[in-house]
Amino acid sequence: MDFKWDSEQQSFRATVRAFLSEHLPADWEALAHGPGSAAQSTFSTKFCGALATAGLLVPHWPQHWGGRDADPWMAFILAEEMWAAGEPRGGQYMNVNWIGPTLMRFGSEEQQARYIPPMARGETIWCQGFSEPEAGSDLASLRTRAERNNGSGYRINGQKIWTSYAGVADTCFLLARTSVGKNGISIFLVPMDTPGITVRQIPSIIGEGDIHEVFFDNVEVPKTAILGAEGQAWEIVRTSLSLERVGIPRFALAARMLDRAVATLKKSGRFNGGAIEQAARAKAACEATRLYSYSIIDQRKRGLPPGPEASAARFATVTAERLVGEFVVEQLPDALAGGDPLLLAHHQRAIVAGIASGAAEIQLNLIATELLRMPREPR
Amino acid sequence: MDFKWDSEQQSFRATVRAFLSEHLPADWEALAHGPGSAAQSTFSTKFCGALATAGLLVPHWPQHWGGRDADPWMAFILAEEMWAAGEPRGGQYMNVNWIGPTLMRFGSEEQQARYIPPMARGETIWCQGFSEPEAGSDLASLRTRAERNNGSGYRINGQKIWTSYAGVADTCFLLARTSVGKNGISIFLVPMDTPGITVRQIPSIIGEGDIHEVFFDNVEVPKTAILGAEGQAWEIVRTSLSLERVGIPRFALAARMLDRAVATLKKSGRFNGGAIEQAARAKAACEATRLYSYSIIDQRKRGLPPGPEASAARFATVTAERLVGEFVVEQLPDALAGGDPLLLAHHQRAIVAGIASGAAEIQLNLIATELLRMPREPR
Amino acid sequence: MDFTLTSDQSALTSAIDRLATHFEAMPTDFYGFTLAGTQLEKELTDGEYFDIAGIPDLGPLTATMAVERLAWLPCTAEIALSMLVRPHLATELPRPFAVIENGRPGRFVATAKTLLIINGDDIGVAHPSVDAVEAVDSLYAYPMGTFTGNASVTTLSGSDAANVRKWLRIALAAEISGLLHAAIASTVEHLSIRRQFGRSLGTFQALRHRMAECTVLAGGVRWLVLKAASTEDEGDAALAALHAQESATRIVYDLHQMLGAMGMTLEHPLHLWTYRIKALLSELGGRGGQAAAVAALCFNSEAA
Amino acid sequence: MDFTLTSDQSALTSAIDRLATHFEAMPTDFYGFTLAGTQLEKELTDGEYFDIAGIPDLGPLTATMAVERLAWLPCTAEIALSMLVRPHLATELPRPFAVIENGRPGRFVATAKTLLIINGDDIGVAHPSVDAVEAVDSLYAYPMGTFTGNASVTTLSGSDAANVRKWLRIALAAEISGLLHAAIASTVEHLSIRRQFGRSLGTFQALRHRMAECTVLAGGVRWLVLKAASTEDEGDAALAALHAQESATRIVYDLHQMLGAMGMTLEHPLHLWTYRIKALLSELGGRGGQAAAVAALCFNSEAA
């Protein structure tokens, strides 16, 4: 058991940092505020192109698809550095983490040829059409319908909500119901310029362009738009969630922002008393979360399937971001009033942490059932 | 709206304090540890006798029963001072608060004549036979059975648990099932020396003599032992719970112990840094709880029935005791290792607060339903 | 000890309640961060409500209840300082008021006619010219502003400063108390309506318990605020402000957690209260500042 | 970064696990406050387990895992200091060890052969005679004792003291980690078996969520402890001790709350773990002490 990085890992991290310091413009931190904004997306596409050229966009992908089979630690070091910088890849982190790998596993040859190479070149932005009004995170009550049309395709009608990046995405990874029940849900890969799709931005605390409603009004797609088989969504989503379960290293930004807030307070003689205890508590939570996440990478590296510890890591992340967020609001409130755009961006993203991509409460339930083996709640 | 005490109230409080400083012996604080112990009960009986003689045991009772119709504020001032002193009345606080008043309302003439005068003289200790193994606080699943015997009485069989003061009580306020369903539960007033009753003390963190199992093995009681009508337990208990709902001013001891712990820390130069914040937080919780409790007395004084605020006061009490308890464990741990018997007693009683007499969780449910008017949980 | 209101107090709180109810009934077609209560400000001025505390039969306690009630509104105006702090300054000073604490941006600074300048233990008074203050964009749901420092500052005496600080604490706690009330009510409404897994969210035990805990905390804040306004005691003021900031930190997090994605939008009003609360968490030294005051003022060594 | 154990580490942790399992299987007919592990102490001595940290292929990390695992047991003995602190003193000193912090009673003091005497920043070493120590009755589930101060004390150098303090923090955190694990497991077992309102308690959402939160906290403590034992870094040790004391305060309360009345009895073993934890919450300066160390050691201004 060893908690140190080997020399290859250290040098990879140094490479990523060097890339960031070369490619992030002076105004990057101001851009980081408002993920999904047009300005950030324009920048991200340029940035991801450069990452791809440098071999740093999809190093963990197979060589066949433009990667170099780098191990899970490399992918995670990359993600840590990106996230700590405020995630200049924008929405493209999803392509790299799970949409690409899911297409490699379940996509048809045609779909793979069409969608994967542009992802590997950093040219494409996706959005995920999962959540619906009234359904929350409850997939079983999904209502968007895809019915066979007169030709050999489908006609899609329905509404998605909370969709990140929908305003700038070119393709949607869409869940729609093709028949009743849990096995009646299918996945469609839908170009966002297909007639009948309307996107409405929802004004939010998180900043410009982050969340949207997406309306599907008689949207016609060919049969080839379906990913895998009709009704296979449940299985595919479970796999992609397990790819995503490693999670985003949100703690990396939280820890960096905590360091920054402490440094600012020290400079102005305000790091004392309760601020010290609060900062230390947040620091411990960040570092505990970091190790939780590493333990999951370690399991993946050893070829083990992601276990319930992934839920624990997620919930620990929520707590760490919360503690850093509260520290800043209480001890360095000026940061959120024109003082520091990246601290502001962190605050805004931390709001989302406990809510998006598997609410904290869902993680707690999974932990109780899978890790503690407590009896399930009756429905 | 006025948060000051009037002169009558101030002088009553002074009287109670003077009584306490005259009648509490030097070793009282050591006795306070282990409520329900033989030593404490012996002292309490003597002490309550003296209280009765001074007109301070049941001042809020009607004159007819030895009181002087003092208003709810007086009763609460008395309770505050008693509890702040470590409750030298021992188990007799129950007589004064709700067993006596319940008998006044529901008892037969014979029962009233038999049981109330000795209560008013401070001579008698009761225990309440409510909880049962496996039933918890769920009255509907009560199993102890009282069946008609061959004569005109009942034969009781069953088991009670968590019974405070059972080792020293002379009478039990017992719930037993006389037929099926919610309206099949009756209350019996049972002398603890009735053949067939066995008491087993459960060794506990709280100290000697606090909790017991009580076994009823073919215990024969006359028909006259029943309080009210057969099957009336639900109604009577609801009334007595509402009498009890004002609650015990546990915050008074918590606040005093906090003051004492802070004074001790100051003396040895240990009141600084995190100790200051923790003490201040606990202080605010104690004072908020005090006002919550006062608001309930104020309602009672105005003849209003106790509302859901009583549950809020209870939960606030749990929090206040918890914060004081944690403060002492972290900042003055020596108090619990031979350092201060009353701080030890407070710690032990605080353990019980969140659990006994309507667990904290039950209060939270009541608050959600009655105060917030949220929809009920499905059963 | 008597918690009934006098008939004068009842009459005034009823009037405030009617005024507030009128604003609550108005449709808010607003999706920004700060909803300025321009009309509210006007009606309060016209009704001479900013002077409640000075009327003998009403006094600061009634003014505190007004501050608390008006904080329920989705819109905001500079009410608390004008109603509760302004009356305790030696001379009549022009409103709106604002506070600049250790040079940081403050609420309502850009439009303030009177600034209270806090630097460590000192409090000074200044009347900034229009170009000495500037609005600042922020996430907080108050209009925030900065002060360039170009104005003459009159420093208050120690006892005046202590008195002002006491009323600042009560004003802070009263405002937080009202905001907590509104934020909780808004969340309860959402949970009671919204369904998931075939049930109203409000029937889920974990959510019910958390809401109940929030309510108990908020109720405690309110009682401490009312007591402080009634006794006008420095220690009581510190206790109220501490419990307000302490409870609010936890409640704000819990409410956003329970409201879920809806609470991230500007279309649901929750943020109008929670992002006002967030601006208040650091004021007057934050929890640490209030705790130090409580430690200095509230421990009774003799009774221990 | 690699979290697999070496074969030597695996062999040792398996041996410790077998030894512990044996003690866990023994019926404990014990209803007191402190269950002394006399037989455990003997077997650890006989098996030379107290010297694990000094064996090159095992080292302090393996010793830390042993301390953590042995803290799961209902009985207790002076293990953590002997396994983790003793090896870092310049000379071989006799065990059992105990700590006297600022004159307060300490764990295992009455039977200690070596005392570490902490006074503010200083740490001294003393070997008390039998009449210089005395057992004290307490609520804590460790044997507690006091030291009269009648023994010659050798003060450690600043760097030795810092090193000892680091290992004291790791020992503290490892012990808390193990105790938390056992206390949580014991509560989960109770909740899964016990029924109320016709359902297993473990099916109630509010209880499930609280247990899950406790588990996440306890898991975080364990990771920080293992890292600190591996890196032997002072800052890592302070983080582990802080997170341990911080998490434990909350977990202990929650577990007792969830266990209900059963947790008040000495017939259920929960208190054997929670009342050991309570004794540890104030050690080494408590949360405030660890936080000060974290603040001094762990903030990286350059990367910010």
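This is a predicted model: local features need pLDDT of at least 70, side-chain atom pairs count only at pLDDT 80 or more; totals for chains, interfaces and linings use all residues.
In one of them, the side chain of R200(A) meets that of E267(C), with a nitrogen-to-oxygen distance of 2.8 Å. On the side of chain A that touches chain C, at least two residues each are supplied by strand 6 (197-202), helix 10 (309-331), helix 11 (341-353) and helix 12 (360-371). When the residues of this side of chain A are sorted by class, 17 are nonpolar, eight are polar and 10 are charged.

The extent of this interface can be described both by residues and by area. Chain A contributes 35 residues to the contact with chain C, while chain C contributes 33 residues. Between them, chain A and chain C bury about 3100 Å², and 60% of this area lies on carbon and sulfur atoms.

Chain A also meets chain D, in a contact that takes 47 residues from chain A and 48 residues from chain D. About 4300 Å² is buried between chain A and chain D, with carbon and sulfur atoms giving 69% of that area. Within chain A, the residues that lose the most area to chain D are M1(A), F3(A) and M374(A), which together account for 19% of what that side buries.

Between chain A and chain D the count is one salt bridge. This salt bridge is formed by R281(A) and E246(D), whose closest N and O atoms are 3.7 Å apart. Polar contacts between chain A and chain D number 11 residue pairs, again with both residues at pLDDT 80 or more. Helix 8 (250-267), helix 9 (274-301), helix 10 and helix 12 of chain A each provide at least two residues of the side that touches chain D, and the largest share of that side, 15 residues, comes from helix 9 of chain A. By class, the residues on the side of chain A that touches chain D comprise 28 nonpolar, four polar and 15 charged.

Methods: Residues are numbered from 1 along each chain as its sequence is written. Chains are lettered from A and ligands numbered from 1 in the order in which they are written. Side-chain values use heavy atoms; hydrogens and water are left out. Contact means heavy atoms within 4.5 Å. Buried area is the accessible area (1.4 Å probe) that two parts lose on being put together, summed over both. A salt bridge is a side-chain nitrogen of Lys or Arg within 4 Å of a carboxyl oxygen of Asp or Glu. Helices (H or I, at least four residues) and strands (E, at least two) are DSSP runs, numbered from the N terminus. Ala, Val, Leu, Ile, Met, Phe, Trp, Tyr, Cys and Pro count as nonpolar, Asp, Glu, Lys and Arg as charged, and the others, Gly among them, as polar. A polar contact is a pair of N or O atoms within 3.5 Å; within protein, one must be able to donate a hydrogen and the other to accept it, and residues adjacent in sequence count only if both atoms are side-chain atoms.
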